[in-house]
Amino acid sequence: TGPRVDIYSPGTMIMGAYAQSSYVTAPVADPRNGLYWLNKISGTSQATPQVAGYMALACQARPSMTPTDAKNFVVSSSLKNVLVDTGGGFSNQNSLQGGNNRFLYMPFNSSERGRWTKE
């Protein structure tokens, strides 16, 4: 959180690859390959890949995008003012701490997806 955060993304209890040890929940064997394990993980290590994947989809739909264009696209298509900001300052983990109140939104799955096709 903080003033340098452009956008927030879901990062709570995301299923992903994990070691064969407990986290918040017990790991389960990956049904595709029993040598690998899955677990529900939380934090920026789960939220960041969602934004990166979103940007990859945007760049695939619009190959001429520059990095600045991609960032502007993600920010402009985000949901605005949907996060609850407690305003508690830097000691309160439920505060956006001056960060933008923007939440990642995936327009590619919406009924408006024609808007996002290749130019």
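Which element gives the most to the lining of the largest pocket? Helix 1 does, with 4 residues. This is a predicted model, in which local features need pLDDT of at least 70, side-chain atom pairs count only at pLDDT 80 or more, and totals for chains, interfaces and linings use all residues. Residues are numbered from 1 along each chain as its sequence is written, and side-chain values use heavy atoms, with hydrogens and water left out.

The protein has 2 helices and 5 strands, arranged along the sequence as β-β-β-α-α-β-β. Helices (H or I, at least four residues) and strands (E, at least two) are DSSP runs numbered from the N terminus.

The largest pocket holds about 630 Å³ of space. A pocket is an open set of points on a 1 Å grid over the protein atoms alone, where a 1.4 Å probe fits, with protein on both sides within 12 Å along at least five of seven lines; lining residues have an atom within 4 Å of a point. Grid points are joined across faces, edges and corners, and the volume is the space filled by probe spheres set on the points. Among the 21 lining residues, Thr-1, Tyr-8, Ser-9, Thr-44 and Ala-47 are the closest to the centre.

The lining divides by residue class as follows, where Ala, Val, Leu, Ile, Met, Phe, Trp, Tyr, Cys and Pro count as nonpolar, Asp, Glu, Lys and Arg as charged, and the others, Gly among them, as polar.

| Class in lining | Count |
|---|---|
| Nonpolar | 10 residues |
| Polar | 11 residues |

Buried residues (under 20% relative accessible area, 1.4 Å probe, protein chains only) make up 29% of the 119 residues.

Definitions and conventions
Buried < 20%, exposed > 50% of the residue type's maximum accessible area, 1.4 Å probe, protein only.
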